[in-house]
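Dear colleague,

I am passing on the structure we spoke about, with the sequence alongside. My notes on what was found in it follow below.

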Amino acid sequence: MSTTYTVINPSTASPVTEVELADVDRTDAAIERAAAAFPPWRDLAPGERARLLRRFASVVDEHIDELAELEVRNAGHTWGNATWEAGNVRDVLNYYSAAPERLFGRQIPVPGGVDITFREPLGVVGIIVPWNFPMPILGWGMAPALAAGNTVVLKPAELTPLTAIRIGELALEAGLPEGVLTVIPGKGSVVGERFVTHPLVRKVCFTGSTAVGKKIMAGCAEQVKRCTLELGGKSANIVFADADLAKAAATAPYAVFDNAGQDCCARSRILVQESVHEQFLEQLGKAVQGMVVTDPGADRGSEMGPLISAHQRDSVRGYLDDVDVVCTGPAPDGDGFWVPPTVVAPRSTDDRVWREEVFGPVVAVLPFSDEAEAVAMANDTEYGLSGSIYTRDVGRALRVARRVEAGNLSVNSHSAVRYWTPFGGYKQSGLGRELGPDAPDAFTEEKNVFIAHEEATS
Ligand code: NAD
């Protein structure tokens, strides 16, 4: 039995379209088709698989504006972000289109014969995508999995299925055989869970909340199923007194309020050395008040859009009860799920707003005394995804970068995820890495083959 979901434009709270949600039977049928499509896809000549992925990338490229427009409407993303995100799908497909022809094994010296290793694809890979970055996260899982010779079933988030559905159609247009990539809109508790329990799905790539990630990992354990988890974050932006303070204050809002703070890498804790704390807060306040927060559908210059849903808006507002607000930026009135960019001063590091992932445009600022205290405060969290360090002292930058327990750090910048480099979390921010040159390996088994050779007799 199928049900439908009404997609809502979060900038206006008005309906966009209806999407049919798959039930378990439809999910099973799609997984079986993906399993049937696997042997011919695996056995395709590497150069031919590469050619199809490059063709897929160029078809995505021809539809960048259409995909961006869909994301502005479906997710309230700014035009700049949505265009970058569609371009990211194209770039990631192009990057991993080089992988089929470079999926090298090794030759290992052993006595009595020859030993070689092969990188064999796993079979069907299930990818579960959250609503905050529907296009990039889809691409980061799909592209290396396909390049390594797997077939893919992909579930977008209930709230944001439109770009994924379109990209699934573009894959067919580009000539990918039926069943190689199947987009299955549906509920997490139905389609997502079936990826975990269906024995033909050999790996699950999950991006989403830490709570659901733990359930996925426990479910995968039943079949010793491979899984990659990209989960939440509570990342620190550490500003030392010797930093370029004007730059640190001007850029800090964009490191947390981008995508209205619905970013697992959001630097939502700012740690400022106490001698420049007041000065920093003053400059940060000016930068926050200068942000352009408007409906991205009506204003291409918008720098921050709405939250994804009324539920998310209410959850974020809940963090603002009983907290000292330092300053707020602008936000439109009227319909839509708006919360202005907000700077708060927690009373202690025990405050909920300092410890929990708010996933909205709220940043908490606290002072620290010295390098050791900054590192201790940054690491005082169960998360460990990203972070930034602002200082002019190269030695300190390196020392702190080595000591902060997080997978992705940037010095004097708030580097976004780059597809050339590995991405993933420490501690409860995740398990495994995506992107970078080694990503296709994570979608393979390493097989070892020993070939005996006879002793020479003459
Ligand atoms: P969520 O965990 O509720 O949902 C994520 C996806 O999982 C959705 O597609 C959902 O339908 C599906 N799902 C839900 N329950 C499921 C179940 N029982 N079995 C299988 N699938 C299920 O998260 P969300 O609210 O969509 O996204 C926000 C969260 O994602 C935040 O915590 C954020 O930090 C995290 N996130 C992490 C990264 C990263 O790379 N580390 C990136 C983006 C988002």
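Which residues have the most contacts inside the largest nonpolar core? Bearing in mind that this is a predicted model, the answer is Ile238, Val239, Ile270, Phe280 and Leu284, in a core that has 52 residues. Phenylalanine 280, leaving aside its neighbours within four places in sequence, is in contact with Val239, Leu245, Ala248, Ala249, Ala252, Ile270 and Val272. There is also a second, separate core of 51 residues, which includes Ile127, Ala174, Leu181 and Leu435. As background, nonpolar side chains in soluble globular proteins tend to be buried together.

Turning to helix packing, helix H2 (residues 46–62) packs with helix H6 (residues 162–173) at an angle of about 125°, the axes being 9 Å apart. Because angles of 65 to 115 degrees count as roughly perpendicular and those over 145 as roughly antiparallel, this angle makes H2 oblique to H6. The crossing in which H2 passes H6 is right-handed. On the H2 side the contact is made by Phe56, Val59 and Val60, and on the H6 side by Ile167, Leu170, Ala171 and Glu173; by class, six of these residues are nonpolar, none is polar and one is charged.

Two backbone details may also be of interest. Valine 224, in the loop between helix H8 (210–221) and strand E9 (226–230), has a positive phi of about 45° although it is not a glycine, and its relative accessibility of 63% counts as exposed. Asparagine 412, in the loop between strand E16 (408–411) and strand E17 (430–431), has a positive phi near 55° and is partly exposed, with a relative accessible area of 29%.

With best wishes

Note on methods:
Residues numbered from 1 in each chain as written. Predicted model: local features only at pLDDT ≥ 70, side-chain atom pairs only at ≥ 80, totals over all residues. Heavy atoms only, no water. Core = buried A, V, L, I, M, F, W, Y, C linked by side-chain atoms within 4.5 Å. Buried < 20%, exposed > 50% of the residue type's maximum accessible area, 1.4 Å probe, protein only. Contact = heavy atoms within 4.5 Å. Axes fitted to C-alpha atoms, helices over the stretch in contact; angles between N-to-C directions. Helix = DSSP H or I, 4+ residues; strand = E, 2+ residues; numbered from the N terminus. Parallel < 35°, antiparallel > 145°, perpendicular 65-115°, else oblique. Left-handed = near helix turned anticlockwise from the far one by under 90°. Nonpolar A, V, L, I, M, F, W, Y, C, P; charged D, E, K, R; others polar.
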